[in-house]
Amino acid sequence: MAGIVKKKKNISRFFIIFILIVITFVYLIPLLYVVNTSFRPWIDIKEYPPKIMFKPSISSYIRIFTSRAVYAPGKEPTEEEFANMKWYERIVYEETNEKIIRIGDLPKRYLNSIIIGSISTALTIILGTCAAYGFSRFKVRGKDDLLFFILSTRMLPPVVVVIPVFLMFRFLGLNDTHLGLILLYTAFNVSFAVWVLKGFIDEIPIEYEEAAMVDGYSRLQVFRKIVIPQASTGIAATAVFCFVFAWNEYAFAFLLSRTVAQTVPAWLPYQMGVLGYDWGAAAAGTAVFLLPAMIFTIILRKHLVRGITFGAIRK
Amino acid sequence: MFKRSRENQFNGNQLLHRSMRDTTLVRLFILPTIILLIAINIFPLFWSLFLSFSSYSAKGATEWGKNPEMIGGLNYSRILTDPRIWTKFITTAKYVVMSVGGEMILGFGLALLLQLKFKGKGFVTTFLILPMTMSPVIVGLMWRLFYNPNWGMFNYLLGLGKIDWISDPARNLYSIVLVDIWMWTPFVMLLSIAGLSAIPKYLYEAAEIDRASWWFKFTRITLPMVYPLLLVALIFRTMEAFKIFDLPMGITGRGAMAPPLLSMYLYNTAFVTWKTSFGASLGYIMLIMIIAITSLFIKYLNKAKT
């Protein structure tokens with residue numbers, strides 16, 4: 001009798017595992033499809049039914065990083081010129097009959113994303129850690145109201161805030177500048193950072209600080225030498241969250257930047273090749289852009305729940 | 001689950017002699033953040049409130065001082081009486097109900113399945129949460145590729161013909177809902193897992209002794225214990241789905257073919273047809289609705305703390 005029950009349990013166990021694996025696979029299909037498309041040779045991209053197996057080509061990656069022009073009829077390179085081509089020029093020529101003119105727009109947008117993301121993250125962490133420490137350790141008049149106010153700024157829909165911000169930035173000449181987006185992302189992230197970091201600082205036993213102050217440490221010394229090192233994991237996790245937010249942000253970047261300070265999300269969906277919308281290049285760009293976020297997700301796994309609920313749930 | 005936040009304050013006479021310096025210090029610590037938030041978030045909002053009572057277009061007005069004409073509450077009354085705008089409210093509500101509903105059911109279901117311990121569970125969880133931290137607009141772009149009516153994988157895998165999921169107004173709301181569910185089910189799943197793992201084991205053991213049925217255990221132990229976290233997930237997702245903007249933009253391109261969602265309409269009003277002040281008043285209506293949902297969340301948070 002017991003044996004039958006056990007067997008039944010085992011079968012249902014395998015069944016659940018099987019379902020989970022199937023779901024995970026189905027879940028990953030869109031991602032796999034994009035990676036698959038990004039390695040597809042030009043002629044296979046619009047094939048129907050979609051080809052899964054093909055000779056992989058990196059020409060899509062070359063195309064997303066470069067600007068190209070089609071060779072005019074009769075102006076195709078001679079055999080000798082072809083022999084002198086660099087390997088990447090040859091790949092592009094063979095697939096799309098194009099000539100590489102210069103480095104494309106993606107590297108600049110990528111750099112913009114990195115600059116804006118990291119500077120705003122640094123500012124956010126500095127402001128956020130100080131404010132979180134203040135709220136965690138001191139009596140502040142109207143603390144709950146202030147914290148509510150700080151959180152509520154984060155809940156505002158970007159599309160709503162962007163109208164007045166657009167006018168303000170235009171008046172100040174901040175549209176399409178790095179500074180403008182950095183300020184905006186800092187303001188939007190700082191509310192998040194204060195809430196999450198306050199949670200982390202609340203968890204540090206206050207006795208350390210009291211002991212240090214008895215030993216003659218000043219408040220600032222306590223903050224620098226005890227609180228910051230103790231909260232470093234939390235600070236790092238918060239920083240990654242802030243960076244990912246700035247990296248992913250679309251509405252502000254799309255409406256407040258045109259070229260100079262444009263980040264990847266505002267640019268990638270709208271880039272057109274000479275030969276119409278270049279889906280191979282779009283897929284390659286997507287893959288290149290999503291990779292950092294994926295790595296961060298894996299690093300952040302432990303803190304993810306805490307981050308996405310603004311520190312409300314500490315597990 | 002919810003650790004009670006310790007009131008870590010120095011109170012009493014213990015450190016009284018420092019209190020003067022502490023007040024200046026705490027101001028120094030907190031003020032920069034408050035000032036930044038007022039400058040970047042609050043001041044523009046008041047400006048926008050002022051604009052919402054005027055008729056003003058930002059188009060081409062690069063010079064400062066072009067006076068908005070005050071028209072009182074005309075913008076608001078026009079929004080609230082226009083049946084075409086009401087359909088946008090209804091579409092948004094439909095979007096919220098479908099996507100959040102789907103996410104809650106699937107996310108909680110997955111969390112229940114993931115209660116089982118097995119080798120490779122970590123991998124499965126990690127793979128499942130990948131979509132969550134991706135940029136919504138890029139996810140939209142990715143799905144635009146996937147949905148492509150002529151050569152996309154979606155129709156092929158489901159054995160459908162060349163169905164247009166992107167620009168057909170009868171369908172694209174549902175295709176965006178599907179992507180939203182794909183992207184945010186892991187969010188509900190993670191919160192549910194957090195809730196489920198916090199249920200003390202002895203409750204189940206006690207129920208086992210009483211030979212309670214599976215259904216009894218589920219409705220009397222599991223659901224009530226996970227309920228607070230499901231509520232958090234519900235509020236968060238409702239808020240986000242209500243203001244969804246980047247996903248439809250990513251899936252439908254510039255948004256001309258997008259379904260009539262409120263935020264898409266707001267974008268079109270304010271930045272395509274440049275009826276800035278009209279957009280501002282619509283924005284304020286959305287804002288009030290968001291604040292209502294947010295305050296629910298905060299109220300809940302405070303209740304959980306005490």
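Helices (H or I, at least four residues) and strands (E, at least two) are DSSP runs, numbered from the N terminus. Across chain A the average pLDDT is 86, and 96% of the residues score at least 70.

A bit of housekeeping before you click on: this is a predicted model, where local features need pLDDT of at least 70 and side-chain atom pairs count only at pLDDT 80 or more, while totals for chains, interfaces and linings use all residues. Residues are numbered from 1 along each chain as its sequence is written, and chains are lettered from A and ligands numbered from 1 in the order in which they are written.

Next, colour chain A by domain: 2-38 is domain 1, 44-104 is domain 2 and 107-308 is domain 3, with bounds from an automatic or database domain assignment. Where they touch, domain 2 of chain A brings 13 residues and domain 3 of chain A brings 11; contact means C-beta atoms, placed from the backbone, within 7 Å. On the domain 2 side, helix 2 of chain A gives the most, with five residues.

Stay in chain A and zoom in on Asp176(A), in the loop between helix 7 (158-172) and helix 8 (178-202). Its phi is near 60°, a positive value in a residue other than glycine.

Now switch to chain B, with its 12 helices and two strands. Of its 306 residues, 39% count as buried. Select Trp274(B), in the loop between helix 11 (262-272) and helix 12 (276-305) of chain B. Trp274(B) also has a positive phi, near 55°, and is partly exposed, with 15 other C-beta atoms within 10 Å.

Last stop: show both chains. The contact between them takes 75 residues from chain B and 86 from chain A. On the chain B side, helix 1 (residues 19-52) supplies the largest share, 15 residues.

Conventions
Two residues are in contact if their C-beta atoms, placed from the backbone, lie within 7 Å. A residue is buried if 20 or more other C-beta atoms lie within 10 Å of its own, exposed if 12 or fewer, and partly exposed in between; C-beta atoms are placed from the backbone. pLDDT is the predictor's confidence in each residue, from 0 to 100.
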